[in-house]
Amino acid sequence: MAEKKPTGELHDLYRQMFLIRSMETSLLDLFGRGEVSGTVHTCVGQELSGLAVARTLRKGDLVFSNHRCHGHFIARTGDVEGLVAEVMGKRSGVCAGRGGSQHIYKDGFYSNGIQGGIVPVAAGLALALKLTNSDHLCVAFIGDGTLGEGVVYETLNIAAKWGLPLLVVLENNLYAQSTHHSQTLGGDICARAEAFGIETVTADTWDPMDLIGKVQETVQAVRGSGRPRFLRIDTYRLNAHSKGDDDRSAAEVRSYWEKDLLTRFAKEDSPLASRFQREAEERVAAAVVKAREAAAPEPPIPSAQAPSAPCRRWIRTEPGQNRRVVSAIQGALRRNMERDARIILFGEDVSDPYGGAFKVTKGLSSRFPSRVFNTPISEAAIVGIGNGLALRGFLPVVEIMFGDFMGLAADQIINHASKFRYMYNEQVQVPLVIRTPMGGRRGYGPTHSQSLEKHFLGIPGTMMLALHERYDPGAVYDSLFSRIDRPTIVIENKLLYGAMLSRAVPAGFTWEHIDEPFPTSRLRPKSKPDATVLCYGGMLPYAEAAAERLFDEHELACEIICPVRLYPFDPLPLLDSIRATGRLVIAEEGVSFAGFGTEAVGEIIEADPRCLRGLRRLGGPPHPIPASVALEQAALPDAQRIVQAVLELVHGA
Ligand SMILES: Cc1ncc(C[n+]2csc(CCOP(=O)(O)OP(=O)(O)O)c2C)c(N)n1
């Protein structure tokens, strides 16, 4: 307890602590009665940390919280009714019941239930504030257990290096779920941030005046310097981790109940404490009654709907300009950055003079020095910071140097980028572009040659595009930048970078594409086709060579179907072709099992169960891509294997 008598200011804090505590207790009670489903993580005992921070923030400051976010949310917004209704799954909830207890958004307050991953997103929000020359800051709340997540350190490093107005508040309640941090935490908590040159402060929730003073100083320091700080607040969670899962010793928990600020306040001034508690309970009870009466949410909007209605008009594709794919992409990035100041580009080694591992971004940092920057080797933080920027209205383009490294950023794509718009009930968008080259045939061996896009296909709320040289990749980027409304993964291809857009079309064929922003292309034989070949991205030249050979050497006509947009997938062009041929060869460089082609076939069979008479799936090997040229050539599908597959389908195996 503070030395001084509680002032009016302290009374106000106690009143709010009672409100949060009463709400948390009530939510647990509702859970017990079956009126709340899922789970709730209550913050009883920790209320003061969120309140101390919130009272120093200004309108326009941003907060990113975690699974234990209710107290932070009430401290920042005061919206008890909106939160209670949200946790009870009602339409009147702050996210109309889509997010629930751990995933809420309102007026610059965000939360997500993934440990660690919120920290780079918060850094992205802070970067957005910095880029708009604002004097606001972003606060990220994490628990001590979250110090086990690597992405926290990626972000602390970047926040320090880039000078981001980010305050990381570490609520140290000693436990992660059931595990005491003495079992999991090496070294010192604050030393972690200090290692990156970030100043730290330690306070606790049992000395309110000290905590308030330190929070004020720290927030002012971040606001004044625009640099990150780390605030450790020692505290204790008095309830179970979530509902009833508590294995801590009863004596230990009891000792913290005795130490608890509100317990002591109740002993010191029982009438006032009782009044505060009664007022809090009445307000929460009214919110519960209101939520009970509220309507259930609307059925969800399907997230995978195509961004634009498919148009069935095929247009002849004129031969491309006399330039390489790499220069078409580079030109489009430059053109769109000239046009749209919201585009910010970053990644590993993207700046001049290097200009990216495949030289795609060469020249851009010289032209836009404040909008193109190198990052550390931190794929998760790169995408996470992109997420934060996108949430604040920027149009970030992040480069993942090799597609093989996408796994490191998977959590940011799957649990953050793709979910924010839906779970925050359409109150935000994440127009994030993730560019990455996939593919082998350059002898880079097992970890730099893969085609891993199938692992990121079909994530609701996202789009995936695969570039190829028969439809100008620059035009794809133009379309993307003019209409992006969701996280979009663009699959480039290492070999295609060098391909010429002007390469001659094989004699006896024409290239056409559907008149839409991310079109499907088809190679149309002049005669009636005997088989359909489905491919995308880097497989296209091999499919085309196979079609030419089949025509010249075997008098067989193949129609190639090559979509730019892999997800959401429009099966109609493929269906039309299969209806004409009855035979399909799928050629993809990644492993076929559970891949794009298999999914495409699923859609075809669903639409027309009898249209397909023969199918061959060609894909990557059932082992890592070997480094040796001879082994790699044998492992990856090529024109000869496509020819062979078509012959087998047409003439029988
Ligand atoms: C990436 C991830 N791993 C595991 C979990 C499951 N989980 C939810 S809360 C929690 C404990 C978190 O501990 P801490 O960061 O100390 O926060 P506290 O719960 O103590 O507030 C765990 C393991 C999760 N939500 N996210």
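# Close-up views of a predicted model

The structure holds 36 salt bridges. The model is predicted, and the legends below describe selected parts of it.

**View 1. A salt bridge between R58 and D135.** The closest N and O atoms of R58 and D135 are 3.4 Å apart. R58 sits in the loop between α2 (47-54) and β1 (62-65), and D135 sits in the loop between α5 (118-131) and β4 (138-143), so the pair ties together parts that are 77 residues apart in sequence. R58 counts as partly exposed, because its relative accessibility is 42%. D135 is likewise partly exposed, with a relative accessible area of 42%.

**View 2. A salt bridge between D234 and R232.** Here the closest N and O atoms are 2.7 Å apart. Are the two partners buried or exposed? D234 has 18% relative accessibility and therefore counts as buried. R232, with a relative accessible area of 17%, is buried as well.

View 3. R275 and E279 form a salt bridge, with 3.2 Å between the closest N and O atoms. The two residues are four apart in helix α11 (residues 270-293), which means that about one helical turn separates R275 from E279. R275 is partly exposed, its relative accessible area being 33%. E279 also counts as partly exposed, at 33% relative accessibility. Elsewhere, salt bridges that share partners join R98, R421, E426, D485 and R486 into one network.

**View 4. The interface of domain 1 and domain 2.** The chain is divided into domain 1 (8-291), domain 2 (315-498) and domain 3 (509-651). Between domain 1 and domain 2, the C-alpha centres lie 34 Å apart. The contact takes 32 residues from domain 1 and 31 residues from domain 2. The size of an interface is often given as the accessible area lost when the parts come together. Domain 1 and domain 2 bury about 2500 Å² between them, and 70% of this area is on carbon and sulfur atoms. Which three residues supply more than any other three of the area that domain 1 buries against domain 2? They are R98, Y105 and W162, which supply 24% of that area.

**View 5. The salt bridge across the interface.** Side chains of opposite charge can pair when their charged atoms come close. How many salt bridges does the rule find across the interface of domain 1 and domain 2? The rule finds one. The side chains of R98 and E426 meet in a salt bridge, at 2.9 Å from N to O. R98 is also among the three residues named above for the area that domain 1 buries against domain 2, and both R98 and E426 belong to the salt-bridge network that includes R421, D485 and R486.

**View 6. Strand β19 and its parallel neighbours.** Strand β19 (residues 531-534) is covered on both faces. A531 and V533 are buried on one side, and T532 and L534 are buried on the other. β19 pairs in the parallel sense with strand β20 (residues 558-563) over four bridges. In this pairing, L534 stands opposite I561 in β20. From β19 the chain crosses through helix α17 (residues 540-554) to β20, in a right-handed β-α-β crossover. β19 is also joined to strand β22 (residues 583-587) by three bridges, and these two strands run parallel. T532 stands opposite L584 in β22.

**View 7. The loop residue A499.** A499 lies in the loop between β16 (488-493) and β17 (509-514). Is this residue buried or exposed? A499 is buried, because its relative accessible area is 16% and the cut-off for buried is under 20%. A499 and V326 are 173 residues apart in sequence, yet 8.1 Å apart in space from C-alpha to C-alpha. Leaving aside its neighbours within four places in sequence, A499 is in contact with R323, R324, V325 and E469.

**View 8. The loop residue G244.** G244 lies in the loop between β9 (229-234) and α9 (250-259). With 64% relative accessibility, G244 counts as exposed. From C-alpha to C-alpha, G244 and L28 are 9.1 Å apart in space, and in sequence they are 216 residues apart.

Note on methods. Residues numbered from 1 in each chain as written. Predicted model: local features only at pLDDT ≥ 70, side-chain atom pairs only at ≥ 80, totals over all residues. Heavy atoms only, no water. Buried < 20%, exposed > 50% of the residue type's maximum accessible area, 1.4 Å probe, protein only. Pairing = 2+ DSSP bridges. Right-handed = clockwise from strand over helix to strand, strands pointing away. Domains from an automatic or database assignment. Contact = heavy atoms within 4.5 Å. Buried area = accessible area lost by both parts, 1.4 Å probe. Salt bridge = Lys/Arg side-chain N within 4 Å of Asp/Glu carboxyl O.
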